[in-house]
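I opened my notebook to follow some strands and a pair of helices. Come and look along with me.

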Amino acid sequence: MTSQAKGLSMPETAVTPQNLKPDNVVFSDLHPRVGNRRLEIISGLQREQKSIDPKYFYDIRGSELFEQITELPEYYPTRTERQILTRDSQAMAQYCGQNCVLIEPGSGSSEKVRLLLDSIKPAAYVPMDISADFLKKSAIQLASEYPWLNVQAVCTDFAAQEHEPEGLPEGKRVIFYPGSTLGNMKPADAIDFLKNLGHWLKRDGGVLIGIDLHKSTSILEAAYNDEQGITALFNINVLSNINNITGTNFNTDQFSHHAFYNEEQYRIEMHLVSTVDQVVELGDTKLRFTRGETIHTENSYKYTPESFQVIAQSAGFAIRSSWSDEQKLFGVHYLELD
Ligand code: AVJ
């Protein structure tokens, strides 16, 4: 952690007028470093297999498009996970125990945790996100809807942070990590990520995590090739964001969406296919594309109960309980340190 880290005892007051801010919310900003995004992006685009990190999907337009994806008939993960969280929230609460500190990395708008709060009744809810303004707004909104809930929002990059923020209430820590976000990571990185979460937990802590399940290629491929073409817009939009961040001159009309299930690696791969021979410029740097060449924009790994068990175990966790829908489309698991 950097020396700029501030404790939770120093809530920031600038943005929202005091009279609109409920008194059950505090906000602390650990000032996550953005890193050199430009350099990271360029180096990805200069590899043999060109690639862009999926985190660059989520500019304002991309976040809107992802919202739309979650409502598509073909895109089952979000609605299925919500069904599971709703149906089994009491059972999940049993594992979390009374008065836990519920921590959510990458909390966004804190939509899904609402399905659990009345069952879990945590001593504190700690939403964490790198986007300070959005986090602050979401935390205030949540706190006003749940006047009994102690909301302690922390602006930080949880992936880069090894230890839990200071100033949290005592009590068992439970990390909530829904949405199959872990699926974006290669298995080895997923293990490292989970190990890191393990450092945050005391002996009795837990992780409540949502994971998309391996299933028939036709269901999977439909979910990433929706009929309305929203996923294609989402994929192509990453180039506009890259143009904005780096000053490249990608022409979004000269790339097309391609998504398929890689059955050997158990992952959906999303690519952008160059439809012509072209040169994209970034200052003096030239990025050459042959017709048919791709930029790999996302992996979305799918797990079987067995393969997720291996990941969890390799990271030092045991799966205490798993919940799924009837069709076994999606899984939510409660992990504890083994
Ligand atoms: C947010 C990473 C879980 O992998 O299904 C949706 C992102 N990409 N459609 C996923 C996504 C294309 C999503 N995750």
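**Strands in a sheet**

I began with β8 and β9 (residues 267–274), which pair in the antiparallel sense over 8 bridges. I kept in mind that this model is predicted.

Next I picked out partners across the pair. Ala259 has Met270 in β9 as its bridge partner, and Tyr261 stands opposite Ile268 in β9.

I turned to strand β12 (residues 294–301), which runs antiparallel to β9 and is joined to it by 7 bridges. Here Met270 turned up again, with Glu298 in β12 as its bridge partner.

Zooming out, I saw an open sheet of 4 strands in the order β2-β12-β9-β8, with mixed pairing. At its edges are β2 (50–51) and β8 (255–262), each pairing on one side only.

**Two helices**

I moved on to helix α1 (residues 37–45) and helix α9 (residues 230–246), whose axes come within 9 Å and cross at roughly 125°. The two are therefore oblique to each other, and α1 passes α9 in a left-handed crossing.

Which residues meet there? From α1 I noted Arg37, Arg38, Ile41 and Leu45, and from α9 Ile242, Ile245 and Thr246. By class, I count 4 nonpolar, 1 polar and 2 charged residues in this contact.

Methods. Residues are numbered from 1 along each chain as its sequence is written. This is a predicted model: local features need pLDDT of at least 70, side-chain atom pairs count only at pLDDT 80 or more; totals for chains, interfaces and linings use all residues. Side-chain values use heavy atoms; hydrogens and water are left out. Two strands pair if DSSP finds at least two bridges between them. Axes are lines fitted to C-alpha atoms, for helices over the stretch in contact, and angles run from 0 to 180 degrees between N-to-C directions. Angles under 35 degrees count as roughly parallel, over 145 as roughly antiparallel, 65 to 115 as roughly perpendicular and the rest as oblique. A crossing is left-handed if the near helix is turned anticlockwise from the far one by less than a right angle, and right-handed if clockwise. Contact means heavy atoms within 4.5 Å. Ala, Val, Leu, Ile, Met, Phe, Trp, Tyr, Cys and Pro count as nonpolar, Asp, Glu, Lys and Arg as charged, and the others, Gly among them, as polar.
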